Amino acid sequence: MPFVAPHIAWHGIAPELALVGGALVALLIDAVKPAVDRRFLAGLSLATIGLAAWFTFDLRDTRAVIMQGTLAVDGVALFGRLILLITAAMTILISYHYLSRRRIHRGEYYPLLLLATSGMTLLAASNDLLLSFLAIETLSLALYVMVGFARRDEKSQEGALKYFLLGAFSSAFLLYGIALTYGATGSTQLSVISKQAAVASVDERLMFVAVAMIAVGFAFKVAAVPFHMWSPDAYQGAPTSVTGFMAAGTKAAAFIGFFRVFLVAFGALQWDWRPVLWIVAVATMAVGSLLAIAQTDVKRMLAYSSIAHAGYVLIGLVAANRDGVSAALFYLLIYAVMVLGAFAAVIVSAPGGSERLSLAEWGGIGRRYPVFGGAMTLFLLALAGLPPTSGFTGKFLLFAAAIKAHENALVVAATITSVVAAFFYVRLIVLIWLQDPPPDDGHPGIGPTPALITSLGIAAAATIVFGVWPQSLIDLARNAISHGFVG
Amino acid sequence: MSETIVFLIAGPIALGSALFIIMSKNAVHSALWLILNLMALAVLFVDLDAQFLGVVQFIIYAGAIMVLFLFVIMLLGVTREELLGEAIPIQRVVSGILGVALAGTLVWILLNAYDESAFGSLAGANSAGNVQGLGRLLFSKYIFPFEVTSILLIVAAIGAMILARGRTEEESASEVERHSGEDVRL
Amino acid sequence: MIDGIDVLIMVIKVLVVFGFLLVSVLLTIWAERRIVALMQQRIGPNRVGPFGVLQGLADGIKLFFKEDVTPTNVDRSVYFLAPVAALLPAFLAFAVVPVGRGFHIGHRVITLHLVDLNVGILFFLAMGSLMVYGIVLAGWSSGSTYPLLGAVRSTAQMISYEIGMGLSVVSVVLWSGTLSTSGIVDAQSGTWFGFVPRWFIIPQLPALVMFLLGGLAETNRAPFDLPEAETELVGGYHTEYTGIKFAMFFLAEYLHVITTSALVVTLFLGGWRGPNILPFLGPLLFVGYFLAKLGLVIFLFMWARATIPRIRYDRLMHLGWKVLIPASLVWTMITAAMVVLPQEVNRTTLIVVVGIVFEVALIVWLARLTTTALRRGRLRRGDSHVV
């Protein structure tokens, strides 16, 4: 039996090749010349992301399953790459000064970031459970290290350890689920699984357990209740730039993988998993919103808020229709931008070694620095989902998709939790504007740099533009799913 | 026939050693039971005509990973029992009940759901030799996941390097001085 | 099908191999002491039996009847397990070594090979990787500082060198195209130009060097015997062991030397193959070839012990990670290229490519030579300045 060399569709994996190649070059430069100016590494990484974006743009009309059926090139995958590349680029912008300030500016940061991004884009495009698992592990391993990047900081170490231990545990669940799926259907390829799952000979109970375990694995990565325990500690301990990257990137990648696996492979079983995810979605929104009220640390508060947002995106999955997917894509993009903006604002909030983490320190900051306070207020309004910001549009689309799927109770629950959540966002806004600024002497100012101003500006502009004129982005998200998933 | 005999020997060893892993009070003993467990699994792999997987299981898990495991346990001295205590009193009971329930469900389902119709025959997969068949699959059908594994390993290597390498605070300190000039005020 | 006689043959084979290994350990110990003595211009053991041949046996009997002391501070179960864990893999590893040509008795083919696994080489490496447990467990369970230090050293050392050793085996496997030990021996049959045997020592010489280095380190033999460096660690991992348990560690070390040497013979020296010059001896001749080659390789081990001083620990790690592993990786790639290129590329291209590679290598080598010479010159001037 002669060996037939497999066909490699180079153009289809070009974005990932660019990211990995850029990471290796950066790593090599850092290894050969450890004293290299970090500005150069950051620039190289940005250029790499630009190259990957260009390759992604090049694929805009391609719809195919490539690499022996393991990788999908479709609208959702491309939209996912778009979100993730934007996230990575903004993360680099907010990292650069922050890392120097905390004296943890090691050259390996940039290769890790690029490799994590490549894992995320692969997860968003994966058409095979094996590849999904490898992609999740790639991004998780990189993030475990990045969370613990501040080696002198106990909080950072604690967060990394908790994230790592629970993450490894959830990976085991995911892997077991994949193994059971393979046992039931004889394949790890999503389209084959969906065909097999519809056949009567496949044992339903086996599929239930498999689906449940895979759901646990994904729910952990998106930090849905009750698998959210790691996220407040990891978010709080991680260097703030990494927290932003996790909140925006991991969530987007894991959700797109979640959607693809459940809608493509397990689409035939949706009447079984939708009720369960319904409960998970409501619990996630409720727990995230309620616990956020009790927080006194800004990063921790944003962590709980990100749990609540995972609940909103889950609405799109429970709706299980095309509107749900396009609304979730839209939401993931605007959420990534606004949460990165919020964390950028946290970084800007102080020029010294540590940011203003305690809520009390934010009192009256808007009166002294109106532009900065305005930006933070904008992001908080967007996170709360109030008009005229993009957060409102995103929530509106998700709710509309759920109503179309006759999930009215879910929309009611989501609306109630939104109102609860609005409380703690507005409380911070009130603090920023209505309290008297502390006396001038000795209190640290704020520390913006050109890169931070750029990222704040982009995030603020996007939050307003997609809140007031969202139609072009909505169309883009709808086009992404207009022909369904490939495969 | 011989397959069944081997299974009847290795299977209980695997199960029993797995139980002892969690029941041993001493971390080194747990690690040793884990090694025995992995060896029993390797034997089961060989028993199922997957010689390559079996031997690789031996080399990588029993031979390399567990040695490092023991190494770390020995160096850190985590054999003290207070480190292995429980924080919440009923934790052990609850987790035991839930664990047994999960295991029971899985056993019940797997016993009932076994169906090999979705798979090709073992003889067919091994027709050109076990190693050859595996290599062929890895380099044709699964080439992309296989290559992605290399990204995963690079990430792991970088991570290990970051966690293990000495401090470079001084270097970063000079970094901060060099760039402090670019602070601007809004 | 397997019948009773097959089982009987298997049992006989196992017993013969077991007996052979025990006897050869005794002989190896004696030979080593005599040879090292010779190299140091001493006499060595010459009292027990002719030329002192039975010295090993006498030592063994002494150890067997010695009081078996168990220190109070030990972890008992592991303390007893450790010598067994050291001994077992050393015995098992020999199972995949083919020691001679098969022959017929009636219809039955008797292979001189305990088992012919299709992953034989990997089995050997697996057993090698288990060897470390005996040492680690002995060191830990003794509850004493010196053994623990020896165990920690040996873990790091054996894991490091396992990688280089495994990679050098990979290049042999690539070259022969099989993982089975008998297949590798078969791939070394025949000759080049009618008189040069097709042993892998010729095309795979770098792999042999790396395998020997790795083998020395894996067996904890001088110059890599840091786990039991007597000047630093008393006895290393077996400090707290006496009597028969100590004897088992001793036995395991020599067994490991013998099995590793047997694998060197199998992988690089054509196994049992050789010219059939004395046909009337039948299969015995080939067993003789095997034993002769085995003796030669074991002699290399002794020679290394007698002449090379123990190296410092950091240098050991440096050699393992920064020299052996990169070198074996490069050699694996070169071997892969040598295997694939003739199939893929026509001869002219091949010659051009090889020519360019050689040229570049030559230039790099010359450049390095020059810079080293320059640096030496500078150093010498610096020295004279200081003096």
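Setting aside residues up to four places away in sequence, A:Leu332 touches A:Ile83, A:Lys251, A:Ala252, A:Phe255 and A:Val313; two residues are in contact if their C-beta atoms, placed from the backbone, lie within 7 Å. The model is predicted, so that local features need pLDDT of at least 70 and side-chain atom pairs count only at pLDDT 80 or more, while totals for chains, interfaces and linings use all residues. Residues are numbered from 1 along each chain as its sequence is written, and chains are lettered from A and ligands numbered from 1 in the order in which they are written.

A:Leu332 also belongs to the largest nonpolar core, which has 205 residues; A:Leu332, A:Ile315, A:Ala328, A:Ala336 and A:Phe379 have the most contacts inside this core. A nonpolar core is a set of buried Ala, Val, Leu, Ile, Met, Phe, Trp, Tyr and Cys residues joined through C-beta atoms within 7 Å. A residue is buried if 20 or more other C-beta atoms, placed from the backbone, lie within 10 Å of its own, exposed if 12 or fewer, and partly exposed in between. Helix α13 of chain A (residues 322–348) provides the largest share of this core, 22 residues. Helices (H or I, at least four residues) and strands (E, at least two) are DSSP runs, numbered from the N terminus. Another core, of 115 residues, lies apart from the largest one and includes B:Leu32, C:Tyr237, C:Ile258 and C:Phe268.

The contact between chains A and B takes 50 residues from chain A and 37 from chain B. On the side of chain A that touches chain B, α5(A) gives the most, with ten residues. By class, this side of chain A has 29 nonpolar, twelve polar and nine charged residues. Here Ala, Val, Leu, Ile, Met, Phe, Trp, Tyr, Cys and Pro count as nonpolar, Asp, Glu, Lys and Arg as charged, and the others, Gly among them, as polar.

Chain B also meets chain C, where 18 residues of chain C are in contact with 19 residues of chain B. On this side of chain C, α4(C) gives the most, with nine residues. The residues of this side divide into 15 nonpolar, three polar and no charged.

Chain C itself contains twelve helices and four strands. Of its 387 residues, 42% are buried. Among contacts in chain C with a separation of 6 or more, 78% join residues 24 or more positions apart. Along the principal axes, the C-alpha atoms of chain C fill a box of roughly 75 × 70 × 40 Å.
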